[in-house]
Amino acid sequence: AHATSKTPLRVDEHVLQLSLSGRKSAGAHQRTQTVVAKARGKGKPSRKMIVRNVPFEASKKELRNLFTAFGELHSVRVPKKQDGTHRGFAFIEFLSKQEAIAAMEALANTHLYGRHLVLEWA
């Protein structure tokens, strides 16, 4: 199916609907600055951050892959409950503060398995 066709695109018997966000790139810089300002309000920028609202389906490997795109990681820690499942948050530590800031800015509005990841400095 072509993107401009009238027939809906189907994937695994689900109709796929795509739409552009309509955001202007001029506002992107301002939004980034707002995100950084909000993040600074939640602690001081450092090499380490806490990721809250992590979906229970997500693995440590998937989190590592997501954050590795922004720099080399020192560690990824996902605390677990007694039953072996994780507790819904993780600690990510980069080798440099600049890489951590880049990840914080880029992933501020990221969803993983339908859940909005909440990033804060640790």
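This is a predicted model: local features need pLDDT of at least 70, side-chain atom pairs count only at pLDDT 80 or more; totals for chains, interfaces and linings use all residues.
Over the ring of which residue does the charged end of Lys-48 sit?

Figure 1. The protein chain has 122 residues, of which 30% count as buried. Its accessible surface comes to about 8600 Å², and carbon and sulfur atoms account for 52% of that area. Among contacts between residues at least 6 apart in sequence, 64% join residues at least 24 apart.

**Figure 2. The largest nonpolar core of the model has 20 residues.** The residues with the most contacts inside this core are Met-49, Val-51, Leu-63, Phe-67, Ile-92, Phe-94 and Leu-119. At least two core residues come from each of the following elements: strand E3 (48-52), H2, strand E4 (73-77), E5, helix H3 (97-106) and E8. In soluble globular proteins, nonpolar side chains tend to be buried together.

**Figure 3. The model contains 2 aromatic pairs.** In one of them, the ring centres of Phe-67 and Phe-94 lie 6.4 Å apart. The planes of these two rings stand at 65 degrees, so the pair is edge-to-face, given that angles over 60 degrees are placed in this class. The pair links distant parts of the chain, since Phe-67 belongs to helix H2 (residues 60-68) and Phe-94 to strand E5 (residues 89-94), 27 residues apart. Phe-67 is buried, with a relative accessible area of 0%, and Phe-94 is buried with a relative accessible area of 0%. In the pair formed by Phe-89 and Phe-91, the ring centres are 5.8 Å apart and the planes meet at 90 degrees, so this pair is edge-to-face as well. Both Phe-89 and Phe-91 are buried. The opening question is answered here: the charged end of Lys-48 sits over the ring of Phe-91, 5.4 Å from the ring centre.

**Figure 4. Glu-120 is a buried residue of the model with a polar contact to Arg-52.** Glu-120 lies in strand E8 (residues 118-121). Its relative accessibility is 15%, and a residue counts as buried when this value is under 20%. The polar contact joins the side chain of Glu-120 to the side chain of Arg-52, at 3.3 Å. When residues up to four places away in sequence are not counted, Glu-120 touches Lys-42, Met-49, Ile-50, Arg-52 and Met-104.

**Figure 5. Lys-42 occupies the loop between helix H1 (25-41) and E3.** At 49% relative accessibility, Lys-42 counts as partly exposed. Apart from residues up to four places away in sequence, Lys-42 touches Glu-120 and Trp-121. The C-alpha atoms of Lys-42 and Leu-119 are 9.2 Å apart in space, although the two residues are 77 residues apart in sequence.

**Figure 6. His-116 is found in strand E7.** With a relative accessibility of 30%, His-116 counts as partly exposed. A polar atom of the His-116 side chain lies 3.2 Å from the backbone oxygen of Ala-108. Residues up to four places away in sequence aside, His-116 touches Arg-52, Asn-53, Ala-108, Asn-109, Thr-110 and His-111. The C-alpha atoms of His-116 and Pro-55 are separated by 8.9 Å, while the two residues are 61 residues apart along the chain.

**Figure 7. Asn-53 has a positive phi, and so does Tyr-113.** Most residues other than glycine have a negative phi. Phi of Asn-53 is near 65 degrees. This residue, Asn-53, is placed in the loop between E3 and H2 and counts as partly exposed at 26% relative accessibility. Phi of Tyr-113 is near 50 degrees. Tyr-113 is found in the loop between strand E6 (111-112) and strand E7 (115-116). At 45% relative accessibility, Tyr-113 counts as partly exposed.

Note on methods
Residues are numbered from 1 along each chain as its sequence is written. Side-chain values use heavy atoms; hydrogens and water are left out. Rings of Phe, Tyr and Trp (its six-membered ring) pair if their centres lie within 6.5 Å; planes under 30 degrees apart count as stacked, over 60 as edge-to-face and the rest as tilted. Helices (H or I, at least four residues) and strands (E, at least two) are DSSP runs, numbered from the N terminus. Buried means under 20% relative accessible area, exposed over 50%, partly exposed in between (1.4 Å probe, protein chains only). A charge sits over a ring if NZ of Lys or CZ of Arg is within 6 Å of the ring centre and within 35 degrees of the ring normal. A polar contact is a pair of N or O atoms within 3.5 Å; within protein, one must be able to donate a hydrogen and the other to accept it, and residues adjacent in sequence count only if both atoms are side-chain atoms. Contact means heavy atoms within 4.5 Å. Accessible areas come from the Shrake-Rupley method with a 1.4 Å probe; for residues, only the protein chains shown count as cover. A nonpolar core is a set of buried Ala, Val, Leu, Ile, Met, Phe, Trp, Tyr and Cys residues joined through side-chain atoms within 4.5 Å.
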